[in-house]
Amino acid sequence: MEEVCLNSEPVFDMVDEYEGEGEGDCSAVEHDDETGSKHSKKEPPLPTIGLEFDSFDEAYDFYNIYAKEQGFGIRVSNSWFRTKKKERYRAKLSCSSAGFKKKSEANNPRPETRTGCPAMVVIRLVDSKRWRIVEVELEHNHQVSPQIKRFYKSHKKMILAARKARPPAEPVTEIHTIKLYRTAAMDAVSNGFSNVSEREGIHQPDHSKHLELKEGDAYAVYNFFCRMKLTNPNFFYLMDFDDDGPLKNVFWADARSRAAYGYFSDTIAIDTTCLTNKYELPLISFVGVNHHGQSVLLGCGFLGHKSVEYFVWTFRAWLKCMLGHQPQVIVTDQCKSLQIAVSEVFPKARHCFCLWYIMQRVPEKLGGLRGFEEIKRQLNKAVYNSLKIIEFETSWTEMIKKHGLGDNKWLQTLYEERKQWVPVYLKDTFFAGMIPIRENESLNAFFDGYVHKHTSFKEFVDKYDLALYRKHLKEATADVQSKNSSFELKTRCNFEVQLSKAYTKEIFDKFQSEVEGMYSCFNTRQVTANGPIITYIVKERVEIEGNEKEVRSYEVLFETNQVDIRCICSLFNYKGYLCRHALNVLNYNGVEEVPSRYILRRWCKDFKFQHVDLGSTDIDVYGPVYRRSHFHNCAVPIVEGGAQSEEQYKIALHELQELLNKFNL
């Protein structure tokens, strides 16, 4: 046997070297801080499963500090050693009132002071270098009072150490891994600001540019990170502290988010709704679109201030998390600070403003104007119905002149930045369906329904797991439906049959609408021919206000040699599948199948079962993102097979449990 426990769970505990000498557990004298100085009292971080330390002594000191603050002493009640190296690999730190003393044969034995208290933590050596808390019991079976501090033997070392001069600590700027010493930085997190005042010679920090954490928020976030790091080995987080101590920014991304970016890195949205609407929770979210057209989380953060500096830090943290791989397109709210930060951190990405957010502000910005309803109608027509730039320019100019809006600052800004939000200027940009191009389309924030105006940090991290669980369940359900279901065909068109075998259900439903829409198109005719490039005009009856319809003409270019096709409506770039007008021209020319270049792999039902495309995503083959992604691909068939029947479920669960035991998880 390589491992052996020198003392199992005894009824009568033995004294460890960390307890000190003698039988007495404590004196009856109340004890004040040895330094004699008065400090504002802060709750120490609670012992939590998953917290890690660099050494056994650090773990012991952490629990000892916690015990002193709560008003009890500790000792090492059990230790496990490896027989060959005499190396401690597991220990149990217990309340000094744990167990019972051995019965004494003396004539006048000392009275029993122990109560068999269950309070304890168990720590274990992991990876031969770190100590991790693996079990915790915080409840005592005797009175513990933080107000009455008694002198316990376990506190001797703390007092002696406090008397020694220590060099000033380096200011903490970033934290990559879980480090569980009680530091000034941790105190700053818990309060949101430093305890040092200006009269003590140090500049008082600007609280308005730090995260405003309420009571319980700091430890909720801290414990959330600790738990995630334990259960999610590829979990990544960074914390940004001011030189004065307060916490400025936080960023994190779990393993799923990092792996998802390996698949869906083409277009992302940076959601700052909570910042724009001045919620109590300064949440920023990085969101992509998966193969079902569903929103997928790619990372989160808390910002202490809506400024360029804070956005730049958060963007760089996210980019570092994603191994430096930049997205092709970034969609954000219309904000000058965001615009500057995006151009600095993502210089190669196409930065666009979210059309939906802009149009949602129309009532707020223009609602008080005379003739607002007519202004709104003309604005919608210019934005949503313009197929050519000249059409937009003409409609916009008519609206401005007719209603005397030349001096409206908001409209002036919109016009100056029109190339970043008006669809007609964005036809060469792939959005993966992330922006609405029709008046009746809308968007929902990723955490819609989980975050409101007064959501606290603690409330959010409590809901975070539930929100992601429901999103992941929705994706998993869609995966099963897409793979195992046969789609209902509504036409006899070959395009519909072809794509029913390739697309996921959600994307096929959208494409199917375009196939059905082919029957509302008519009078397809050739207007020009320039070598192999032929220009067609396709007419379509479209619904406008009410039940009225009007006929619109769409220009479609068709290259006969390579079977390339492009429609002026640019639905393929906006959504990622061909429009009814292009399908109509293909059908007109006798093309029976959609060319493969127009069937994007990102919309296919087997897309995530394939390996990450290393050539297009720059994923490090030796890094955790690749390993996690590859392992996930291998595990998905087991999950699906195990869910098919009770017998297969039990077999898969049994084998999984064996693996968990081998990994000590």
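This is a predicted model: local features need pLDDT of at least 70, side-chain atom pairs count only at pLDDT 80 or more; totals for chains, interfaces and linings use all residues.

Student: Why is the pair of Phe224 and Trp252 called edge-to-face?
Tutor: The chain holds 42 aromatic pairs, and this is one of them. Ring centres must lie within 6.5 Å to pair, and planes over 60 degrees apart count as edge-to-face. For Phe224 and Trp252 the centres are 5.8 Å apart and the planes stand at 80°, so the pair is edge-to-face.

Student: What makes this a tie between separate parts of the chain?
Tutor: Phe224 lies in helix α4 (residues 217-231) and Trp252 in strand β10 (residues 247-253), so the pair ties together parts that are 28 residues apart in sequence.

Student: Are Phe224 and Trp252 buried or exposed, and how do you know?
Tutor: Buried means under 20% relative accessible area. Phe224 has 2%, so Phe224 is buried. Trp252 has 1%, so Trp252 counts as buried as well.

Student: What makes Phe302 and Phe457 an aromatic pair, and of which kind?
Tutor: Their ring centres are 4.8 Å apart, with 85° between the planes.

Student: Which cluster do Phe224, Trp252, Phe302 and Phe457 belong to?
Tutor: Ring pairs link them into a cluster whose members also include Phe225, Phe235, Tyr237 and Tyr464.

Student: How do you know that a charge sits over the ring of Trp80?
Tutor: The distance limit is 6 Å from the ring centre, with a further condition of lying within 35 degrees of the ring normal. The charged end of Arg90 is 5.4 Å from the centre of the Trp80 ring and sits over that ring. In another case, Arg541 lies over the face of Phe522, 4.4 Å from the ring centre.

Student: Which strands form the open sheet of 7, and what makes two of them edge strands?
Tutor: The order is β9-β10-β13-β12-β11-β14-β15, and the pairing is mixed. β9 (236-241) and β15 (350-353) are the edge strands, as each pairs on one side only. Neighbouring strands of this sheet are turned by 20° against each other on average, direction ignored.

Student: How do you know that β9 and β10 pair?
Tutor: Pairing needs at least two bridges. β9 and β10 have 6 bridges, in the antiparallel sense. Phe241 stands opposite Leu247 in β10.

Student: Which helices lie across this part of the sheet?
Tutor: Among them is α4, which lies across β9, β10 and β13 at about 30° to β10. Helix α7 (residues 308-321) lies across β9, β10, β11, β12 and β13, at about 25° to β10.

Student: What makes strand β5 mostly covered?
Tutor: In β5 (residues 87-95), 8 of the 9 residues are buried. β5 pairs antiparallel with strand β4 (residues 74-82) over 8 bridges, and Asn78 stands opposite Lys92 in β5. β5 is also joined to strand β6 (residues 120-126) by 5 bridges, again antiparallel.

Student: Why are β16 and β19 said to stand at the edges?
Tutor: They belong to an open sheet of 4 strands in the order β16-β17-β18-β19, with antiparallel pairing. β16 (521-530) and β19 (564-567) each have a single partner strand, so one side of each is left without a neighbour in the sheet. Between strand β18 (residues 549-559) and β19 there are 4 bridges, and Glu559 stands opposite Asp564 in β19.

Note on methods
Residues are numbered from 1 along each chain as its sequence is written. Side-chain values use heavy atoms; hydrogens and water are left out. Rings of Phe, Tyr and Trp (its six-membered ring) pair if their centres lie within 6.5 Å; planes under 30 degrees apart count as stacked, over 60 as edge-to-face and the rest as tilted. Helices (H or I, at least four residues) and strands (E, at least two) are DSSP runs, numbered from the N terminus. Buried means under 20% relative accessible area, exposed over 50%, partly exposed in between (1.4 Å probe, protein chains only). Axes are lines fitted to C-alpha atoms, for helices over the stretch in contact, and angles run from 0 to 180 degrees between N-to-C directions. Contact means heavy atoms within 4.5 Å.
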